[in-house]
Amino acid sequence: MRIEYDVKLDFKDVLIRPKRSILQSRSEVSLEREFRFKHSGVKWKGIPVIAANMDHTGTLAMARALAEHQLMTALDKFISLEDWVRFAKDHPDALSSCFASIGISEQDFDKLAELSKVVNFSYICLDAANGYTEKYVEFLARLRKAYPGKVIMAGNVVTGEMVEELILSGADVVKIGIGPGSVCTTREKTGVGYPQLSAIIECADAAHGLGGHVVADGGCVTPGDVAKAFAAGADFVMLGGMFAGHDECSGDVIEESGRRFKRFYGMSSKEAMEKHHGAVAEYRASEGRSVNVPYRGPVKDTILDILGGVRSTCTYVGAQRLKELSKRTTFIRVTKQLNEIFVPYQTSTNK
């Protein structure tokens with residue numbers, strides 16, 4: 001056993017220090033990024049925000065809505081082959097912004113092989129809560145060999161040495177985050193995790209040194225958090241809870257005491273495992289929670305709110321392009337960042 005005494009930071013622990021800027025308006029800020037990925041050689045251009053591959057947010061309807069704004073979607077791994085084929089035929093432009101998600105079982109590998117025969121997708125999300133196992137790394141290497149021209153996003157991990165391991169094993173993009181998600185209980189059940197801001201900073205440094213990329217996955221609850229993730233060095237930011245509760249999410253609208261909600265749960269929750277696997281296996285614990293989130297209507301307004309916030313961040317530090325944000329950021333440690341006196345009143349007026 002050993003202890004690391006260096007302080008590790010989360011989004012709530014910092015603010016971004018403003019700097020002199022020559023920008024006249026938020027409209028001058030470009031949030032577009034352009035990347036060429038290390039192993040696949042694929043070139044991508046767009047706004048680097050991704051809807052998480054949870055079955056609530058990683059839907060085909062979400063993919064269509066986000067593609068209109070140049071955002072991406074990691075589709076959940078339970079979408080049927082028939083729905084994939086129909087989606088590819090009816091919405092080819094949206095397809096170019098989608099990740100096909102799989103786990104690390106033989107069944108997942110075979111399902112992806114079947115999908116590749118009928119749908120020309122470009123992006124794969126190799127999704128596991130724990131990206132540290134030898135089995136995971138071996139599966140990643142096998143996947144890279146089978147799909148040399150596809151972009152592979154792998155994770156989740158939170159340390160620089162494992163980011164390097166995954167990139168060297170075939171990952172183009174590595175997902176960063178263990179336990180920060182709003183419906184994730186991994187830290188409660190296992191005691192394992194890493195403060196998300198520090199994880200992004202350290203992992204981005206490791207990835208960029210090898211020509212790879214990182215996606216900050218989890219922990220963002222406001223547009224300011226999304227901006228902090230980019231400022232910390234994330235190339236992409238993945239969002240689950242911030243995209244939850246919209247028309248494009250799966251599930252029916254629930255009426256309770258005159259208010260409307262939609263169901264949202266972690267993919268390692270008891271509810272998710274009972275839905276997709278029949279039960280929680282006896283050898284494991286549920287590591288997710290289930291909640292009712294306020295119904296929020298179409299996702300378009302939320303997209304514009306997030307992107308508007310990030311543009312505003314850029315104007316405060318003089319970054320005309322999103323690419324410049326991390327280079328112009330100085331984080332300052334704080335003990336409090338928000339005045340929350342009216343938060344209960346604001347919450348009560350939400351849709």
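## Helices α9 and α11

In this predicted model, helix α9, which spans residues 223–231, and helix α11, which spans residues 300–317, have axes that come within 8 Å and cross at roughly 55 degrees. The two helices α9 and α11 are therefore oblique to each other, and the handedness of their crossing is right-handed.

On the α9 side, the contact is formed by Pro 223, Val 226, Ala 227 and Phe 230, while α11 contributes Asp 305, Ile 306, Gly 309, Val 310 and Thr 313.

## Helices α4 and α5

Helix α4, covering residues 106–118, packs with helix α5, covering residues 134–146, at an angle of about 15 degrees, and their axes lie 12 Å apart. Because angles under 35 degrees count as roughly parallel, α4 and α5 are described as roughly parallel to each other. The crossing of α4 and α5 is, again in the terms used for helix pairs, right-handed.

The residues that meet across this pair are Glu 106, Phe 109 and Leu 112 from α4, and Phe 139, Arg 142, Leu 143 and Ala 146 from α5.

## Helices α6 and α8

A further packed pair consists of helix α6, made up of residues 160–168, and helix α8, made up of residues 196–209, for which the packing angle is about 35 degrees and the axes are 8 Å apart. The crossing of α6 and α8 is right-handed. In this contact, Gly 160, Val 163, Glu 164 and Ile 167 belong to α6, whereas Glu 202, Cys 203, Ala 206 and Ala 207 belong to α8.

## Backbone geometry

Two backbone features may deserve attention when the coordinates are inspected. The peptide bond that runs from Gly 155 to Asn 156 is cis, with an omega near 25 degrees, and Asn 156 itself is part of strand β8, which comprises residues 151–157.

The other feature concerns Gln 70, which, although it is not a glycine, has a positive phi of about 70 degrees. Gln 70 is placed in the loop that connects α1 (60–67) with β5 (72–75).

Key. Residues numbered from 1 in each chain as written. Predicted model: local features only at pLDDT ≥ 70, side-chain atom pairs only at ≥ 80, totals over all residues. Heavy atoms only, no water. Axes fitted to C-alpha atoms, helices over the stretch in contact; angles between N-to-C directions. Helix = DSSP H or I, 4+ residues; strand = E, 2+ residues; numbered from the N terminus. Parallel < 35°, antiparallel > 145°, perpendicular 65-115°, else oblique. Left-handed = near helix turned anticlockwise from the far one by under 90°. Contact = heavy atoms within 4.5 Å.
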